[in-house]
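Colleague: I would like to go through this structure feature by feature. Please give the general idea where there is one, then the case at hand.

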Amino acid sequence: MAFIEWSEGLEIGVDAMDTEHRALVDSINQLEASLDSGEERSRTIQMVARVAREAKAHFASEEAAMANAKYPGAALHALKHQHMAAQILAFLTRYSRDTSALNGHMLKFLSDSLTHHIRNEDAIFGRWAQERAKL
Ligand SMILES: [Fe+2]
Ligand SMILES: [Fe+2]
């Protein structure tokens with residue numbers, strides 16, 4: 001069973017964003033599997049860095065989609081991304097200094113904040129975009 005199971009609840013109904021969310025979830029799952037199997041530290045650091053990079057790219061593309069659509073919640077949403085990006089960066093920095101800093105507990109915290117953000121914040125944008133498409 002994957003660490004984060006993809007489910008309909010994680011789909012926001014905006015295809016490009018759903019695709020990016022899936023890729024991000026896959027990367028986190030691979031990172032978890034690699035930690036779990038005691039993979040070499042350098043390899044795991046690369047995987048944490050990949051999650052950080054993908055999250056950053058995703059936040060930027062989601063913010064661009066929101067700006068394009070003139071989503072009224074765009075500025076507030078971008079602030080939430082900044083907060084999450086800072087958490088991910090702190091996570092990466094801590095891990096590159098100290099391997100014991102990255103454990104299942106921290107990874108769970110990271111994945112919970114991401115899935116919570118998708119289910120709640122991103123989903124609001126998804127519903128708004130779908131309603132708007134009907135007009
Ligand atoms: Fe978002
Ligand atoms: Fe998102």
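Colleague: Among contacts in the protein between residues at least 6 apart in sequence, what percentage join residues at least 24 apart?

Modeller: A caution before the number: this is a predicted model. In the protein, 71% of the contacts between residues at least 6 apart in sequence join residues at least 24 apart.

Colleague: How many helices and how many strands does the secondary structure comprise?

Modeller: There are four helices and zero strands. Read from the N terminus, the order of elements is α-α-α-α.

Colleague: How does the radius of gyration of the protein stand against that of a compact globule?

Modeller: A compact globule of 135 residues would have a radius of gyration near 14 Å, and the value for the protein is 16 Å, which agrees. The C-alpha trace spans about 55 × 30 × 20 Å along its principal axes. Of the 135 residues, 20% count as buried.

Colleague: What describes two packed helices?

Modeller: A packed pair is described by the angle between the two axes and by the distance between those axes. Take H1 and H2 as a case. Helix H1 covers residues 15-36 and helix H2 residues 41-69; they pack at an angle of about 165°, and their axes are 10 Å apart. An angle over 145 degrees counts as roughly antiparallel, so H1 is roughly antiparallel to H2. Their crossing is left-handed.

Colleague: Which residues make the contact of H1 with H2?

Modeller: On the H1 side they include Ala 16, Leu 24, Ile 28, Leu 31 and Leu 35. On the H2 side, Met 47, Val 48, Val 51, Ala 55 and His 58 are among them. By class, the residues of this contact divide into twelve nonpolar, six polar and five charged.

Colleague: Is Leu 35 buried or exposed?

Modeller: The criterion is a count of C-beta neighbours, and 20 or more within 10 Å makes a residue buried. Leu 35, in helix H1, has 20 such neighbours and therefore counts as buried. Its C-alpha is 11 Å from that of Ser 100, although Leu 35 and Ser 100 are 65 residues apart in sequence.

Colleague: Asn 29 is also found in H1. Which residues does Asn 29 touch, not counting those up to four places away in sequence?

Modeller: With that exclusion, Asn 29 touches Ala 2, Phe 3 and Ile 4. Asn 29 and Ala 2 are 27 residues apart in sequence, and their C-alpha atoms are 6.3 Å apart. Asn 29 has 16 C-beta neighbours inside 10 Å, so Asn 29 counts as partly exposed.

Colleague: At roughly what angle do the axes of H2 and H3 cross?

Modeller: The crossing angle is roughly 170°, and the axes come within 10 Å. H2 and H3 are therefore roughly antiparallel to each other. The contact includes Val 48, Ala 49, Ala 52 and Phe 59 of H2, and Ala 85, Ile 88, Leu 89 and Leu 92 of H3. Its residues divide into 17 nonpolar, three polar and two charged.

Colleague: With which residues is Leu 92 in contact, leaving aside its neighbours within four places in sequence?

Modeller: Leu 92, in helix H3, is then in contact with Val 48, Ala 49 and Ala 52. Leu 92 has 17 other C-beta atoms within 10 Å and so is partly exposed.

Conventions:
Residues numbered from 1 in each chain as written. Chains lettered and ligands numbered in written order. Predicted model: local features only at pLDDT ≥ 70, side-chain atom pairs only at ≥ 80, totals over all residues. Helix = DSSP H or I, 4+ residues; strand = E, 2+ residues; numbered from the N terminus. Rg over C-alpha atoms; globule rule 2.2 N^0.38 Å. Buried ≥ 20, exposed ≤ 12 C-beta atoms within 10 Å, placed from the backbone. Contact = placed C-beta atoms within 7 Å. Axes fitted to C-alpha atoms, helices over the stretch in contact; angles between N-to-C directions. Parallel < 35°, antiparallel > 145°, perpendicular 65-115°, else oblique. Left-handed = near helix turned anticlockwise from the far one by under 90°. Nonpolar A, V, L, I, M, F, W, Y, C, P; charged D, E, K, R; others polar.
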